[in-house]
Amino acid sequence: MLENCQKHHMVLGLTALTLVTILVLIIESRYAAEGSFARRRGERFVIENNSTCWKHETYTVVQECHPCSEFDIVSRSLGVCIHTHYKEVLRCKSGEIVTKSCDRVALIEQRNFIKFEAIAFVIAVLSYLVSYARDRVLSRRNYMRIERQLNREQ
């Protein structure tokens with residue numbers, strides 16, 4: 001099918017796909033930014049009842065954002081695990097230790113993205129190999145047809 005397309009049609013199609021991709025990325029980034037901003041502004045997550053000192057004081061991160069255990073999620077023993085299923089442990093300047101809810105772990109997001117990229121690359125290579133093999137078969141058939149026509153004329 002692509003061999004029947006003219007060059008300007010293929011360039012037009014590629015340009016349209018590029019513009020649609022850019023549009024989707026812009027829309028997605030706006031929705032993602034609005035969602036995280038609303039969360040930060042309203043702080044709708046449940047905080048442990050012991051303190052919210054991390055809002056007023058400087059703090060150090062004791063444990064980075066990590067997934068809650070299944071027990072914490074099911075038993076609802078930690079209020080911070082109910083909404084996002086991720087928690088972060090902080091130590092305020094006053095020495096108080098606070099557990100707060102946080103968004104997904106960046107490492108998990110990065111790992112998922114790398115998996116997606118690897119799968120997309122493998123699919124692209126397989127698609128290339130299949131189309132290359134198909135092109136070779138069609139070229140061979142065309143060559144054989146031309147050869148038969150030339151043999152008939154002689």
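**View 1. The Cys-68 and Cys-81 pair.** Cys-68 and Cys-81 are both buried, where buried stands for under 20% relative accessible area, exposed for over 50% and partly exposed for in between (1.4 Å probe, protein chains only). Please keep in mind that this is a predicted model, in which local features need pLDDT of at least 70 and side-chain atom pairs count only at pLDDT 80 or more, while totals for chains, interfaces and linings use all residues. Residues are numbered from 1 along each chain as its sequence is written, and side-chain values use heavy atoms, with hydrogens and water left out. The sulfur atoms of Cys-68 and Cys-81 are 2.0 Å apart and form a disulfide, a term used for a pair of cysteine sulfur atoms within 2.5 Å. This disulfide is left-handed, because the torsion about the S-S bond of Cys-68 and Cys-81 is about -85 degrees. Cys-68 sits in the loop between S1 and helix H3 (70-75) and Cys-81 in the loop between H3 and S2, so the pair ties together parts that are 13 residues apart in sequence. Helices (H or I, at least four residues) and strands (E, at least two) are DSSP runs, numbered from the N terminus.

**View 2. The Cys-65 and Cys-102 pair.** Which other cysteines form a disulfide, with their sulfur atoms 2.0 Å apart? They are Cys-65 and Cys-102. The torsion about their S-S bond is about 90 degrees, so the disulfide is right-handed. Distant parts of the chain are linked by this pair: Cys-65 belongs to strand S1 (residues 59-67), while Cys-102 lies in the loop between S3 and helix H4 (106-153), 37 residues apart. Cys-65 and Cys-102 are both buried. A search of the whole structure finds two disulfides.

**View 3. The three-stranded sheet.** Here you can follow an open sheet in the order S1-S2-S3, with antiparallel pairing. S1 and S3 are at the edges, each with a single partner strand, so one side of each has no neighbour in the sheet. From one strand to the next, the twist averages 20 degrees. Strands count as paired if DSSP finds at least two bridges between them. S1 and S2 are joined by six bridges, and Tyr-59 has Cys-92 in S2 as its bridge partner.

View 4. Strand S2 (residues 86-92) runs antiparallel to S3, with five bridges joining them. How many of the five residues of strand S3 (residues 97-101) are buried? Four of them are, leaving S3 mostly covered.

**View 5. The annotated stretch and the whole chain.** An unreviewed UniProt entry carries the annotation "transmembrane region" for residues 113-133; such annotations may be inferred rather than shown by experiment, and feature names are shortened, with positions in the numbering used here. Over residues 113-133, the model is 100% helix and 0% strand, with the end C-alpha atoms 30 Å apart. Stepping back, the chain has four helices and three strands, arranged from the N terminus as α-α-β-α-β-β-α. Of its 154 residues, 18% count as buried.

Methods
Axes fitted to C-alpha atoms, helices over the stretch in contact; angles between N-to-C directions.
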